[in-house]
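Please keep the sequence and the coordinates at hand while reading.

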Amino acid sequence: MFNKLFSSSKGGLKKKDFQHHADLAVSHQKDGNHMEAVNEFNICLKKRPNDCNICFLRSSSFKELHELDKAIDDLKVAVEYSELDDNKIYDNRYFNMGFESAKQFYADQLKIYERIKMLTKKNNK
């Protein structure tokens, strides 16, 4: 079964497999199973390494796992990739939240995560 998942003419996940893993990852997140969510997001990123939304979602799980450096790294990637043409389709979702674009939303989240990291370091001294 594992080999079948990764078989396609382009050597990656098929589109339906990508969506399946993305849905499964989000389901794991909602259930609080963040390690499992990260594993599923990793599978998605093998197929679409430039998917800003998957990077953002994975950062949320890293934050919940108290892996702030990884969460921040994913948010930086999400900000960078949100400008790519194949990610423009996702921008409309953020207008309803009062954000001009996905990039603005991700950048704001990045500031929050960096602040959490700073406060955590301060409190641990």
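## A loop residue

His-66 counts as exposed, because its relative accessibility is 72%, where exposed means over 50% relative accessible area, buried under 20%, and partly exposed in between, with a 1.4 Å probe and protein chains only. The residue lies in the loop between α4 and α5, and the phi of His-66 is near 60°, a positive value in a residue other than glycine. Most residues other than glycine have a negative phi.

## Basis of the values

This is a predicted model, in which local features need pLDDT of at least 70 and side-chain atom pairs count only at pLDDT 80 or more, while totals for chains, interfaces and linings use all residues. Residues are numbered from 1 along each chain as its sequence is written, and side-chain values use heavy atoms, with hydrogens and water left out.

## The α4 and α5 pair

Helix α4 covers residues 52-64, and it packs with α5 at an angle of about 165°, the two axes being 8 Å apart; axes here are lines fitted to C-alpha atoms, for helices over the stretch in contact, and angles run from 0 to 180 degrees between N-to-C directions. The two helices are therefore roughly antiparallel to each other, a label used for angles over 145 degrees. On the side of α4 the contact (heavy atoms within 4.5 Å) includes Cys-52, Phe-56 and Lys-63, and on the side of α5 it includes Leu-68, Leu-75 and Tyr-81. By class, this contact has 10 nonpolar, one polar and four charged residues, where Ala, Val, Leu, Ile, Met, Phe, Trp, Tyr, Cys and Pro count as nonpolar, Asp, Glu, Lys and Arg as charged, and the others, Gly among them, as polar.

Asp-74 is found in helix α5, which spans residues 68-81, and it counts as buried because its relative accessibility is 5%. Leaving aside neighbours within four places in sequence, Asp-74 is in contact with Cys-55, Arg-58, Ser-59 and Phe-62.

## The chain as a whole

The secondary structure comes to seven helices and zero strands, where helices (H or I, at least four residues) and strands (E, at least two) are DSSP runs numbered from the N terminus. Of the 125 residues of the chain, 39% count as buried. Among contacts between residues at least 6 apart in sequence, 51% join residues at least 24 apart.

How values were computed. Parallel < 35°, antiparallel > 145°, perpendicular 65-115°, else oblique.
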